[in-house]
Amino acid sequence: MKLVRYGKPGKEKPGLIDSQGLLRDLSAVVPDIGPAQLGDAALAKIARIKEAKLPLVKGKPRYGCPVAGTRKFIAIGLNYADHAAESGMPIPAEPVVFTKAVSCLQGPNDPVMLPKGSVKGDWEVELGVVIGTRARCVTQKDALRHVAGYCVVNDVSEREWQLEHGLTWDKGKGFDTFGPVGPWLVTRDEVPNPQKLAMWLDVNGQRMQTGNTKTMIFNVARLVSYVSQLNTLEPGDIITTGTPPGVGMGMKPPVFLKKGDVMALGIEGLGEQRQEVVAFKL
């Protein structure tokens, strides 16, 4: 299934993309797409509903972040060897883990706002993993059973704050609007192999990133297992799993985001995003 949340910010309704690509309303079935709807039993209940009986949604409403109630937004750095190389950093022996503020979560097509004084805004197309059932110290063998599904994430970054203001990356990763997610959550039954997904990102129509999740250093099962040793993962938590090469920081000379730029990105089977870059405002 492809599950969505649509409508104005803060007033999103639950929805489903049917087999014809049409948006149908789930409001009469579930109150939202959040932690209580992400377990296997809850998803199976939704899957049993006949699509044709769900009301069609007219027009082209805004899509919000496809998951409500996220408590942790955890990110993995340098998870593609060629991205580590372009960043001038060694290939990690263990996953590099940092956090993005949950307040940066937003819809897939909402504008991305540069922070006040930003000079090094950057893009990163990534595979997002949404947790469906509580995971604490799980094995790699069992890890994917705790996954509700997958989505596209743009791990927007401000490199000056990330790399030039101390030792923690979090500073440059959690600004408002720096976490576009969606357009939809694709349940894990429709993604039998998360390590075989093509991914891409364009800026102003120019291809910047082309990659595939098969080249991850640490695969999804390893990451879910690893992070579950550090934090108890709860339903609705999101892990974004790293980016392939082609970020602005790695170009010669570097290229960074400016007002008016447009990012477009997508992952095979998981949909596409589009964001216009806007200037800072209170």
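User: Where is Asn204 located in this model?
Analyst: In this predicted model, Asn204 sits in the loop between strand E14 (198-203) and strand E15 (206-212).

User: What is the phi of Asn204?
Analyst: Asn204 has a positive phi of about 55°, although the residue is not a glycine. Most residues other than glycine have a negative phi.

User: Is Asn204 buried, partly exposed or exposed?
Analyst: Asn204 counts as partly exposed, because its relative accessibility is 47%.

User: And Cys137, what about its phi?
Analyst: Cys137 is not a glycine either, and its phi is positive, at about 55°. Cys137 lies in the loop between strand E9 (125-131) and helix H3 (140-143). With a relative accessibility of 48%, Cys137 counts as partly exposed.

User: On to cysteines, then. How many disulfides are there?
Analyst: The count comes to zero disulfides.

User: What about Cys104?
Analyst: Cys104 is in no disulfide; the nearest cysteine sulfur belongs to Cys65 and is 9.5 Å away.

User: Are Cys65 and Cys104 buried or exposed?
Analyst: Cys65 is buried, with a relative accessible area of 7%. Cys104 is also buried, with a relative accessible area of 0%.

User: New topic: which peptide bond at Pro183 is cis?
Analyst: The cis peptide bond is the one that joins Gly182 and Pro183, and its omega is about 25°. Pro183 is in the loop between strand E12 (179-180) and strand E13 (185-187).

User: What is the omega for Lys252 to Pro253?
Analyst: The peptide bond from Lys252 to Pro253 is cis, and its omega is near -5°. Pro253 belongs to the loop between strand E16 (238-240) and strand E17 (262-267). For context, most peptide bonds are trans.

User: Last one, Arg24. Where is it, and is it buried or exposed?
Analyst: Arg24 is part of strand E3 (residues 23-25). Arg24 counts as buried, because its relative accessibility is 12%.

User: What does the side chain of Arg24 pair with?
Analyst: The side chains of Arg24 and Asp18 are joined by a polar contact of 2.8 Å.

User: Which other residues does Arg24 touch?
Analyst: Leaving aside residues up to four places away in sequence, Arg24 touches several residues, among them Pro14, Gly15, Leu16, Glu51, Ala52, Pro55, Leu56 and Val57. Asp18 and Leu54 are also included in those contacts.

Conventions: Residues numbered from 1 in each chain as written. Predicted model: local features only at pLDDT ≥ 70, side-chain atom pairs only at ≥ 80, totals over all residues. Heavy atoms only, no water. Helix = DSSP H or I, 4+ residues; strand = E, 2+ residues; numbered from the N terminus. Buried < 20%, exposed > 50% of the residue type's maximum accessible area, 1.4 Å probe, protein only. Polar contact = N/O pair within 3.5 Å; in protein donor to acceptor, adjacent residues only side chain to side chain. Contact = heavy atoms within 4.5 Å. Disulfide = S-S within 2.5 Å.
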